Number of protein chains: 2
Amino acid sequence: MSSSSNRQCAACKQLRRRCTSNCIFLPYFPPTDPQRFSFVHRIFGASNVAKMLQKVEEHERGDVAESLYYEAHCRIQDPVYGCVGIITLLHEQIYDFQCQLAKVEAEIQVVKAQQLGSKNAWVK
Amino acid sequence: MSSSSNRQCAACKQLRRRCTSNCIFLPYFPPTDPQRFSFVHRIFGASNVAKMLQKVEEHERGDVAESLYYEAHCRIQDPVYGCVGIITLLHEQIYDFQCQLAKVEAEIQVVKAQQLGSKNAWVK
């Protein structure tokens, strides 16, 4: 492998084009992790990913690449709901916690009332 | 407006092409809600949306369109994190609930121990 192909990012390698030093993908899609670009390319398309990276400040681009990869990964795992399936699941977990919390809080009120009742009984 | 353009789905209208009765977008992107297609088109691209719809069973396509619209909407609202920002937020809420629950459960143990201690004191 030539030194030139070593410098190619995963995007340029998969799109079979020359990777320049100012390539928008280069810092976020290293050639060592080809799946990362392959996933976002399959779901969003390379041109949309480039647009989304260009749209934000440079210091935010790492988070854009990471969140797009997460979304793409979820969509490949679950072609119907993607990461919206995870959001639904987390909402259900939150609802369960709210129910548990309400139950435990009700229980604490009962125990406190019993405590008070028992004290009053001894005082009498 | 002619009856032909009335039958166009939002996708074919925006892409300026003829909408056939077997158009993949037609049932999920009605012309009455142009923003719905506009958002998924901007984030995923029309061709990727069509591929994702075609990939699943017909009865699942409504959910695919809905979840893609949700993701696209989130990405437009939050270009850095998209709906992954919501997932992070929900995880934080779950962590808060776990802490609250642990605190209330500890509290109930204290109250029960006090109750037992107070009974024992009266018995003595």
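Predicted model: local features only at pLDDT ≥ 70, side-chain atom pairs only at ≥ 80, totals over all residues.
Chain A contains six helices and zero strands. Read from the N terminus, the elements of chain A follow the order α-α-α-α-α-α. The radius of gyration of chain A is 27 Å, whereas the globule rule gives 14 Å for 124 residues; chain A is therefore more spread out than a compact globule. The dimensions of the C-alpha trace of chain A along its principal axes are about 95 × 30 × 30 Å. The domain assignment divides chain A into domain 1, covering residues 1-77, and domain 2, covering residues 82-124. Between the C-alpha centres of domain 1 and domain 2 of chain A, the separation is 47 Å.

Side chains of opposite charge can pair when their charged atoms come close. Over all chains, the search of the whole structure identifies four salt bridges. One pairing, within chain A, joins the side chains of R36(A) and E66(A), with an N to O distance of 2.9 Å. This pair links distant parts of the chain, as R36(A) belongs to helix 3 (residues 34-43) of chain A and E66(A) to helix 5 (residues 61-77) of chain A, 30 residues apart.

The size of an interface is often given as the accessible area lost when the parts come together. For chain B and chain A, this buried area is about 4100 Å². Carbon and sulfur atoms account for 69% of the area buried between the two chains. In terms of residues, 41 residues of chain B are in contact with 41 residues of chain A.

Charged and polar pairings also occur across this interface. Two salt bridges are found between chain B and chain A. In one salt bridge between the chains, the side chain of E71(A) meets that of R75(B), at 2.7 Å from N to O. Polar contacts between chain B and chain A number 12 residue pairs, counted where both residues have pLDDT 80 or more.

On the side of chain B that touches chain A, the elements giving two or more residues are helix 3 (34-44), helix 4 (46-55), helix 5 (61-77) and helix 6 (83-123) of chain B. Helix 6 of chain B provides the largest share of this side, with 21 residues. By residue class, the side of chain B that touches chain A comprises 22 nonpolar, 11 polar and eight charged residues.

Note on methods
Residues numbered from 1 in each chain as written. Chains lettered and ligands numbered in written order. Heavy atoms only, no water. Contact = heavy atoms within 4.5 Å. Buried area = accessible area lost by both parts, 1.4 Å probe. Polar contact = N/O pair within 3.5 Å; in protein donor to acceptor, adjacent residues only side chain to side chain. Helix = DSSP H or I, 4+ residues; strand = E, 2+ residues; numbered from the N terminus. Nonpolar A, V, L, I, M, F, W, Y, C, P; charged D, E, K, R; others polar. Domains from an automatic or database assignment. Rg over C-alpha atoms; globule rule 2.2 N^0.38 Å.
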